[in-house]
Amino acid sequence: MRLAGGLTAVLFAATIVIVQPVATALTPAEVYSIAQKITVRIDGANTGSGIIIERTGDTYTVVTNWHVMRLEGSYTVRTEDGRQYNINHNQVKPLGNVDLAVFQFTSNQNYPVADKGNSDQLTGGKTVYVAGYPTGISGVSGRNFKFLSGQISSLLSNPKDGYALDYTVQSFKGMSGGPILDEQGKLVGIHGRAGTDPIAGGTAVLGIPLKTYLTLAPSAKPTTIAVGNIPGNKPISTTSSVLSNAQAYVQQALERWDNGDKQKAIEDLKQAQQLDPDKAEKAGLSLAQEAAQAAQSQKFDLALPRAQIASYLAPKNDKVWFLLGGIYLQTKNFDEAIAALTKAQSLNPKNADVLFAIGSANFQQEKYQPAIVNYQAGLKLKPNDPEGLFDLGNAYYKLGRFSDAIAQYNKAISQDQKFWAAVNNIGLIKYEQGDIQGAIQQWQTAVSLDKQAPEPLLALAVALYTKGDRQQGLAMGQAALRINKRYGDLDFLKQNLWGDRLLADTKKLLQYLQSR
């Protein structure tokens, strides 16, 4: 049956491509503009830079280095438009045991938030940009925004304090905590440290990958929110009960979904969509990719909730619904499978594989005539698909329309001459019709096409044993069961379309093998 082979690959391998965006490099001037808007200047007990990385309503979250903010005292954060906001040291939250920290401020101004990239995709030689507000440069008055470019020179396997990125960019005091951006202007790291070789005099400029922040960020809950530096206003303390961004709501939804609280999970998904519809959809597509990978490994307990959430966040993506339907199909939830697959078909009526999958759902419920209709509809769109032809042959076989089944199997073989399963099934029909020699010829051909396929080898063993060639039949039967013990189960063989005559003769062979 196709569900055990080709359909799985179509459902899950093809779906992975839905989240692969086309990356287009920006000009340095365009990246400069992005960097300037998301980078903040930090002054006070110490100096440094920071990145506006999250926003919830009027609350902004800034990430910087812990060494920038570790000294107790008062700080101000200055945004690109020149406004300043007060920050108290007790507002700052260090992240784990790496050199990162976060704090929040509130403002009714509309500040851009860093677009997060994938730091795992950084490789040696890739161009990166670093920005910040240096201090103490001879001949330069004040702290002015600075933008630098270079290349990744090394990825450190044993990073100290989280510093895994080494790049060819000049280092200036005061730029610590500023952004590292890729050629698409996406945040891929946090700039922060320089090391010098005292003998050779060389300098390594280091940064922390964004992935490190993303791993630790859920544990960061700043306890105080800073208020704009307006006369009469003072910083106020409050406990933040609102998650910081759409991705955070999606992650919380996944945890609640896994714990069975779907109602609250759906509320989280709605919040994510309201905060940032585009990022919520991207998060959904990323979950779909995770679901596809988990499904390929048969980890359906992980795949299903991710695919379900993805369908909420990306409801107009036919591949997401196709994936969800495929997972339902693999887990024998046929009604849910047909509903999801029908949704996929309505979004993309020209996808023949969706129709084949609906046919498989009907076939496994023994609804053979509806399955035939589905397979025929799919074959109108994809007439030379060997597995679609094979599936249609199986449906005809179950209805006893043997000549129609053989015709479809032969069409499948004409499209793929190594399609041993179709050759094998013609043998199944011939055996039930009493043409044992014809069946033997089919199974011999199938075995020659794939010597590790246990089904035609066992069928051939049964036929030879029944004809009187007991020694060869027993040897082949043992060889088939060594390849896959499941073929010693008559119920399993029946599921694989073995007919009554062949099953009865197989029972005799298996009983003899068990008695030895």
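The model is predicted, so local features need pLDDT of at least 70 and side-chain atom pairs count only at pLDDT 80 or more, while totals for chains, interfaces and linings use all residues. Residues are numbered from 1 along each chain as its sequence is written, and side-chain values use heavy atoms, with hydrogens and water left out.

The chain has 20 helices and 15 strands; these are DSSP runs numbered from the N terminus, helices (H or I) having at least four residues and strands (E) at least two. Of its 516 residues, 49% are buried, meaning under 20% relative accessible area, where over 50% is exposed and the range in between is partly exposed (1.4 Å probe, protein chains only). The accessible surface comes to about 24100 Å², and carbon and sulfur atoms hold 48% of that. Among contacts in the chain with a separation of 6 or more, 61% join residues 24 or more positions apart; contact means heavy atoms within 4.5 Å.

Helix H10 (residues 334–347) packs with helix H11 (residues 352–364) at an angle of about 160°, their axes 9 Å apart. Axes are lines fitted to C-alpha atoms, for helices over the stretch in contact, and angles run from 0 to 180 degrees between N-to-C directions. H10 is therefore roughly antiparallel to H11; that label applies over 145 degrees, roughly parallel applies under 35, roughly perpendicular from 65 to 115, and oblique to the rest. From H10 the contact is made by Phe334, Ile338, Leu341, Thr342, Ala344 and Gln345, and from H11 by Val354, Leu355, Ala357, Ile358, Ala361, Asn362 and Gln364. By class, this contact has 9 nonpolar, 4 polar and no charged residues. Ala, Val, Leu, Ile, Met, Phe, Trp, Tyr, Cys and Pro count as nonpolar, Asp, Glu, Lys and Arg as charged, and the others, Gly among them, as polar.

The second pair is helix H5 (residues 246–258) and helix H7 (residues 277–296), whose axes come within 9 Å and cross at roughly 40°. That angle makes H5 oblique to H7. Ala246, Gln247, Val250 and Leu254 of H5 meet Lys279, Ala280, Ala283 and Leu287 of H7. Here the classes are 6 nonpolar, 1 polar and 1 charged.

Most residues other than glycine have a negative phi. Asp161, not a glycine, has a positive phi of about 60°. Asp161 sits in the loop between strand E9 (146–160) and strand E10 (163–167) and is partly exposed, at 28% relative accessible area. Lys332 also has a positive phi, of about 65°, without being a glycine. Lys332 lies in the loop between helix H9 (318–330) and H10 and is partly exposed, at 49% relative accessibility.

How values were computed. Areas by Shrake-Rupley, 256 points an atom, 1.4 Å probe, with all protein chains shown as cover.
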